[in-house]
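Colleague: I have some questions about how the labels in this model were reached. Show me the structure before we start.

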Amino acid sequence: MARAGLINALPKAELHIHIEGSLEPSLMLDLATRNNVSLPFSSREEVLAAYQFDQLQDFLNLYYQGMSVLRSRVDFRDLATAYLARAAADNVKHVEIFFDPQGHLPRGVAFDDVLGGLNDALDDAARNLGISGHLIMCFLRHLDEVDAERMLDLALAHKDRIIGIGLDSSELGHPPRKFKNVFRRARDQGFHLVAHAGEEGPPDYVWEAIEILGVDRIDHGNRALEDRELVLRIARDKIPLTVCPLSNLRLCVIDDMREHPIRRMLEAGLIATVNSDDPAYFGGYVNENFQALDTALDLTDDEVIALARNSFEAAFIAPDEKARALARLAEAAG
Ligand code: HPA
Ligand code: ZN
């Protein structure tokens, strides 16, 4: 086991968090009441009892239902405020938050309300909690590229607050190449690029994310380990992986935490990071993800420190900010 208290003490960045996946059952029920939205649940216990997943799609069905309670700018502010307080309690100092506008616009929610509410919360957190943060807008990959192009048009007016573009939702059957043109335009517009790949999808999808989309990071990437040449490429190009252990367990990407590939990733020289993905659905925020790995794999102090260091190495922050964060981390590591 890593030294007691080390996980809590280390400053960390979180780079793979879907803000809609941080919607805790109690806030979901409160917002349903506030906005007069009907849900098939009447208590927190009923919500939690429904969270049994055999695969990604089982989760996604509940995730889209859950986010239906989000309607106004203040709802998005309340959602992100709750997440940021939780992250701060885990000593998270920097966050890069995914949001899914295509999950909200069809209900008549304005893009500016989604973005405005999330930015209100980020501004408060910067002032009150000392956390910095950016937004990464994700395209839902089960929708077509034309729809993603429309989202990119909307994002262009907010380039000061959206640092990157990502790709999420149902992976199988929706390979990265489907979004080749919109990712190229996003790159030309100066956005950082990330994509979920290799969670359920095969190593070929990770290749496509790298070679066709030109991503700066891979979200998940577990199945990249099935392809030796791919692992060498990810290591050579220093493409970080944002790994989500409790998500992997709850979505049956692994059968047991003792099988988690995080150590193999580090041993292969990959910049692996630890993240919560959808903490309200998968049972833990960042520190709980570190703890679950430590309990199952008996992490060394050096492994825990390397994972925290990787989170800042992989972050979309300026070199001087990165250097300061790494210096504070080294101090906390003792
Ligand atoms: N995978 C794909 N899409 C998602 C996820 C995930 O883990 N979480 C929220 N949307
Ligand atoms: Zn994810």
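Colleague: How many bridges join strand 5 to strand 6?

Modeller: This is a predicted model. In it, 4 bridges join strand 5 to strand 6 (residues 217-220), and these strands run parallel. A pair needs at least two bridges, so strands 5 and 6 count as paired.

Colleague: What makes strand 4 and strand 5 a pair?

Modeller: Strand 4 (residues 162-168) and strand 5 share 2 bridges in the parallel sense. The requirement is at least two, so they pair as well. Gly 164 has His 192 of strand 5 as its bridge partner.

Colleague: Which helices belong to the β-α-β units that include strand 5?

Modeller: Helix 8 (residues 180-188) forms a right-handed unit with strands 4 and 5. Helix 9 (residues 203-213) forms a right-handed unit with strands 5 and 6.

Colleague: Why is strand 5 described as largely enclosed?

Modeller: Buried means under 20% relative accessible area. Of the 6 residues of strand 5 (residues 192-197), 5 are buried, so the rest of the structure largely encloses this strand.

Colleague: What makes the approach of Glu 199 to ligand 1 a polar contact?

Modeller: A polar side-chain atom of Glu 199 lies 2.7 Å from a nitrogen atom of ligand 1. The limit is 3.5 Å, so the pair qualifies. For Asp 278 the distance to a nitrogen atom of the ligand is 2.7 Å, and for His 220 the distance to an oxygen atom is 3.2 Å. The protein covers 100% of the 260 Å² of accessible area that ligand 1 has on its own.

Methods. Residues are numbered from 1 along each chain as its sequence is written. Chains are lettered from A and ligands numbered from 1 in the order in which they are written. This is a predicted model: local features need pLDDT of at least 70, side-chain atom pairs count only at pLDDT 80 or more; totals for chains, interfaces and linings use all residues. Side-chain values use heavy atoms; hydrogens and water are left out. Buried means under 20% relative accessible area, exposed over 50%, partly exposed in between (1.4 Å probe, protein chains only). A crossover is right-handed if, with the strands pointing away from the viewer, the path from the first strand over the helix to the second runs clockwise. A polar contact is a pair of N or O atoms within 3.5 Å; within protein, one must be able to donate a hydrogen and the other to accept it, and residues adjacent in sequence count only if both atoms are side-chain atoms. Accessible areas come from the Shrake-Rupley method with a 1.4 Å probe; for residues, only the protein chains shown count as cover.
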